[in-house]
Amino acid sequence: MAIGKSVKRIDAVAKVTGRARYTDDFFMPGILLAKYLRSTIAHGRVTKIDTRRAQRLPGVERVFTYKDIPQNKFATAGHPYSLEPEHKDVEDRLLLTRHVRYWGDEIAVVVAENNIVLQEALQLIDVSYEEYEPLVTPEASLTEGAREIHAGSNNIIGESQYAVGENIEKALASADVVLEGRYRTQMCQHCHIENHIAYAYMDDLEHIVVVSSTQIPHIARRIIGEALGLPWGRIRVIKPYIGGGFGAKQDVILEPMVAFLTLKLGGRPVKMDLSREECMIGTRVRHPFDVKMRTGVNKDGTLVALDIDALSNTGAYASHGHSVAGAAGAKSRALYPRAAIKYHARTVYTNIPAAGAMRAYGAPQIMYAVDCIIEEAAQRIGMDPVEFRLKNVARLGDFDPLTGKRFESCGLIECLQRGKALIGWDEKRAARPKKQTGPVRRGLGVACFSYASGTYPVCMEISGARIILNQDGSIHVQVGATEIGQGLDTIVAQMAAETLGVPFDRVHVVSTQDTDVAPFDTGAYASRQAYVASNAVFRAARELKAKILEHAGRVTGILGGELDISNGNIVHGNNPANNVVSLREVALDAYYDKDRGGQLTAEISYKTRTNAPTFGCTFVDLEVDVPLCKVNIKEIFNIHDSGVILHPVMAKGQVHGGVAMGIAAGLYEEMLIDTQTGYIYNNNFLDYKIPTTVDVPDIGCEFVETFEPTSGYGNKALGEPPIVSPPPAIRNAIWDATGVQINELPMTPHTLYKHFKKAGLL
Amino acid sequence: MFNIKTYKEAGSVKEAIKLLQENPQARLIAGGTDVLVKLHKGKGQFHHLIDIHNIAELDFINLNDGEDLVIGPGTCFSRVEESPLIRKHIPVLSEAICTIGGPQVRNMATIGGNLCNGVPSADSATPLIALNAVLTIEGADGLRQMPLEDFFLGPSRVALKQHEILTAITVTRDNYTGFHGHFYKYAMRNAMDIATIGCSAVCKVEDSVLKDLRLAFGTAAPVPIRCKDTENKVRGRRLSQNLLDVITESVVDDVNPRTSWRAAKDFRLQIITTLAQRVVKKAILNAGGTIH
């Protein structure tokens, strides 16, 4: 049995010994490098571009500008193709642009033999602009008469709403207490260690091969075809090991360009390797949200209504656009399913870097606003914030109020109870003075969240698995789902081992996805893979097992129905200790007997048509140094209900990483923009403050294991969720410590100073 | 890949001076932790490099005949931080240095490079100006000495001519004997960061009297500075909470922080006044004083 065990990651040795190959580790003779010429204004139009001097520089192969590219507008979001026109992603990109929409927009590209020539060549291109006023904030881009960033858009890319339960105004009117609030979140960036990188080449006159650090090879193949106007079958995308993505690689960034360049250069290999500075402004960021909330509560602690109105800023290009605000509303709905909820969201274009998918896809923004106002509601009616949540959060037996689907598993109440005990909530609150006055003050905070295990029913959820019995009785598994550092390959091996009845170390997983041969799967996003892939892997393993037993029946003469596989051997079903024949002998017979058998394989493509909600919470105990405007986290716990925990150590790893990113979003990270020019000040790791190992405290993590019957092994999403609740828990604890509500992220010393000053603390 | 047009390695101070004279465009590189960052950003003035990081005569820490503490500017931060002489006589410098970058940076970066780079946030500058450090500079015109405090001319500007090299950093015996200090770096995170405000206090306490105080701030003005007016006001006064309050109040007139996108002036003042109080208090406690 492999599920639930902390087996050794199958890529651990390759990665820690440096043997694992990433995109930049592959070398091709004669490979050329390419680099974008990025705009030095945030909004405007190129009136003149002269590339002749750059073109003449020795070592420069070619220079292409917006005049040289195919005029196929394409969408870059890593979503499945949609058969419904109204759900199609917005096609607002060309390979290069004349119309500049953010500081760093791509107006030309140079191909040269090395980086130094590239740098020099870029400086030799003369560009003249007609400049427009940069529209950096939603307020600016929504002003009457503001210039359209994309023609015909009105600077609004999408708007949607839903309402569940009682009419929201009636519900609010009926509540004992009504509160209002406004909460803002920042633009931040994924900061995956491996920057965006891709290269392309042609081995013949027809097919373009693109090797890319991508979360979504099969989607990338389609979008490259769309961008270049080529049949999709002519494109082949290969995904080797990748050094993190967090959603920034759930988008097509460099792939169409390198494909275009190799096509133009007679199939010569061309590589683009973004610098950190480019990666931070020229790929994707998290959507800043401005959320207006209203809530109604009764004095007995019943949450009556939540009215959520979100304004999401997608920046210069659509990318995932309004999908993020839409999904955020959908995923947070499961948290308080018995309240009347109205959710309205609008997404706007501005002249800032394009926002796309980032870990938890809008949920951190919405849950921050929700957890803030929930805290205020609890305080207003004089109820303990944990008690208030316990009374109102989702429990087993609740339904998604919009879809009507029953929650098949839900352990949130147990999560809250466990977290409360771990942090010593009641003891600490009882022990401390009523009012704190010193320079350093202590506070406790809590926040909770709901999330989902995929994108269904907004998108279709497909996963493919192919499992092969090798000649020696070992197993090879190939899936379309992608390993991006989260441990998917190991999980897949555990699943196959579990269902087939073979030892974990006899299962090999093909880590590379090559769209020419890998089963179809849309890739790593939405915390979907372990959930949806489980349904494909489980079915493929079950089918292969049946085939193996059928052949074993032929080999042994024992009827197949009486046999089973245990620990890699064929055994009597009623006596597993009694080995009948080894898997190796059955495999050798299947492959090499002259008359019977064949290669035993199973391949399943499965569409999951459920979407299990997943839950959890954060408890934090912190200290605020008021005069220094600094927060010092003493203890933090994340407790999750993610169904069955497939691999406890890797699950903890996900939680540790997510909580660290949540602390970063709560207290540290923000892309700072000059509101006059749209220039980003801090596109580097000196000035973009990722907390270091000494800034992040020891992170406590526990799981409340439930069983989710809609997945192959009882598991639910865990990849993204840990990032969601730390920021509001920290905010609530700062409030508890100082009496000051901070309703904007990040809560850096600069932010705290402003609010402490306003509150008279300084 | 760095765009380096010429690169020469100097084996001695004399040779480095000669190479500098031969190529007026040339700049020195020691540990490279500032120069290579500038080259990475495409700054043109660092295309011609003279490497001095292997010059043995710049890499030392010792006491001279007069028991003055002399530090070779080519000594990397890790060695300065761990030096028994430094820890014994001027531990405040070790305190400051261990906040610089991470271990890898401190293994490469040199103390002289930190001073000659001339940024207002240089973490080794405030303890050294509080200790009245003196620099020895050698060039085509010979040797000269100057107080470190006068070395800083403005942001990234220091009193070093194109053909000159810093060859020694000296803290004289009378500037460390009987003195105790404390350093605090205020930054957005607790490692791998640039100081929002750096503060060093060095003091001498006798019989509950503050015999001497030197208070220095980084990033509180265009260059690292000493708070001379405040020092003069409190020298010789009895230790008390009131004395600390006087320092907090007075320091505002000594500093001149500016608003930048990294931090606003009023925020910097908040940190400066808080640190003045806390860092001086800790320095006094380290000196065996008590505050009632």
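Before looking at any packed helices I set down that axes are lines fitted to C-alpha atoms, for helices over the stretch in contact, and that angles run from 0 to 180 degrees between N-to-C directions. I also note that helices (H or I, at least four residues) and strands (E, at least two) are DSSP runs, numbered from the N terminus.

I am working with a predicted model, in which local features need pLDDT of at least 70 and side-chain atom pairs count only at pLDDT 80 or more, while totals for chains, interfaces and linings use all residues. Residues are numbered from 1 along each chain as its sequence is written, and chains are lettered from A and ligands numbered from 1 in the order in which they are written.

**Entry: two helices of chain B**

I looked up helix α12 (residues 241-254) of chain B and α13(B), and found that their axes come within 9 Å and cross at roughly 145°. The crossing is right-handed, a term that applies if the near helix is turned clockwise from the far one by less than a right angle, anticlockwise being left-handed. On the α12(B) side I listed B:L244, B:I247, B:T248, B:V251 and B:V252, which meet residues of α13(B) including B:L269, B:I272 and B:A276; two residues are in contact if their C-beta atoms, placed from the backbone, lie within 7 Å. By class this contact has 8 nonpolar, 3 polar and 1 charged residues, where Ala, Val, Leu, Ile, Met, Phe, Trp, Tyr, Cys and Pro count as nonpolar, Asp, Glu, Lys and Arg as charged, and the others, Gly among them, as polar.

Strand β13 (residues 209-218) of chain B is joined to β14(B) by 2 bridges, and I noted B:F217 opposite B:I225 in β14(B).

**Entry: where the chains meet**

I counted 16 residues of chain B in contact with 20 residues of chain A. Helix α13 (residues 265-286) gives the most to chain B's side, with 4 residues, and that side divides into 10 nonpolar, 5 polar and 1 charged.

**Entry: chain A**

For chain A I recorded 19 helices and 27 strands. Its radius of gyration, taken over C-alpha atoms, is 27 Å, close to the 27 Å that the globule rule (2.2 Å times the number of residues to the power 0.38) gives for 762 residues, so chain A is as compact as a globular protein of that length.

The domain assignment, whose bounds come from an automatic or database source, gives domain 1 (15-132 + 196-273), domain 2 (289-456 + 610-758) and domain 3 (462-607) of chain A. I found 39 Å between the C-alpha centres of domain 2 and domain 3 of chain A, with 21 residues of domain 2 in contact with 18 residues of domain 3.

Lastly I looked up helix α14 (residues 488-500) and helix α15 (residues 529-556) of chain A, whose axes come within 9 Å and cross at roughly 35°, in a right-handed crossing.

Technical notes
Two strands pair if DSSP finds at least two bridges between them.
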